[in-house]
Amino acid sequence: EVHLVESGGGLVQAGGSLILSCAASGFSFNEYAVGWFRQAPGKEREGVSCISALDNSKRYSDSVKGRFTIIRDSDANMVYLLMTSLLPEDTAIYYCTADEICILGAMDYSGEGTLVNVSS
């Protein structure tokens, strides 16, 4: 059974940083792209970032490019999202995803999410 378990969310002031973690199990991690999407209250789901399995190439949405960094640790089946210079508009539930290809928002699998709340 596939499990993607996010952690690391919380309350942070604007300009601060957070690191989200995702522990993956139940599928061949090294064969899947992994990533993150977010959904803010009343807004559409937004693909934030993904990293491929083949060559570790990365994609970011324009809204987070230069501020967020995605990292995968294939030895530990973990994926991380390093978030810096956080803005109030980054407030959302962040979900970890896995898919065969690295396309923002693509997901064969997703977790339950972790809440990030950025105060102004």
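Asp62 and Lys65 form a salt bridge, with their closest N and O atoms 3.3 Å apart. Both residues are exposed. The model is predicted. It holds four salt bridges and five aromatic pairs.

**Salt bridges around Asp90**

- Asp90 forms a salt bridge with Arg67, and the closest N and O atoms are 2.7 Å apart.
- Asp90 lies in the loop between S8 and S9, and Arg67 in the loop between strand S6 (58-60) and strand S7 (68-73), so this pair ties together parts that are 23 residues apart in sequence.
- Asp90 and Arg67 are both buried.
- Shared partners join Arg38, Glu46, Arg67 and Asp90 into one salt-bridge network.
- Asp90 also meets Arg38 in a salt bridge, at 2.9 Å from N to O.
- Arg38 sits in strand S4 (residues 33-39) and Asp90 in the loop between strand S8 (78-83) and strand S9 (92-99), so the bridge ties together parts 52 residues apart in sequence.
- Arg38 is buried, as is Asp90.

**Aromatic pairs**

- There are five aromatic pairs.
- One of them is Phe27 with Tyr109, a tilted pair with 5.6 Å from centre to centre and 35° between the planes.
- Phe27 lies in the loop between strand S3 (18-25) and S4, while Tyr109 lies in strand S10 (residues 109-110), so the pair ties together parts that are 82 residues apart in sequence.
- Phe27 has 13% relative accessibility and therefore counts as buried.
- Tyr109 has 28% relative accessibility and therefore counts as partly exposed.
- The rings of Phe37 and Tyr95 have centres 4.6 Å apart and planes at 10°, so this pair is stacked.
- Phe37 belongs to strand S4 and Tyr95 to strand S9, and the pair links these distant parts of the chain, 58 residues apart.
- Phe37 and Tyr95 are both buried.

**Ring cluster and a charge over a ring**

- Phe27, Phe29, Tyr32 and Tyr109 are linked into a cluster by ring pairs.
- Phe37 has a second contact to note: Arg45 lies over the face of its ring, at 5.1 Å from the ring centre.

**Points to keep in view**

- Asp90 bridges to Arg67 and to Arg38.
- Phe37 stacks with Tyr95 and has Arg45 over its face.
- Phe27 pairs with Tyr109, and both belong to the ring cluster.

Notes. Residues numbered from 1 in each chain as written. Predicted model: local features only at pLDDT ≥ 70, side-chain atom pairs only at ≥ 80, totals over all residues. Heavy atoms only, no water. Salt bridge = Lys/Arg side-chain N within 4 Å of Asp/Glu carboxyl O. Helix = DSSP H or I, 4+ residues; strand = E, 2+ residues; numbered from the N terminus. Buried < 20%, exposed > 50% of the residue type's maximum accessible area, 1.4 Å probe, protein only. Phe/Tyr/Trp six-rings, centres within 6.5 Å; stacked < 30°, edge-to-face > 60°. Lys NZ or Arg CZ within 6 Å of the ring centre and 35° of its normal.
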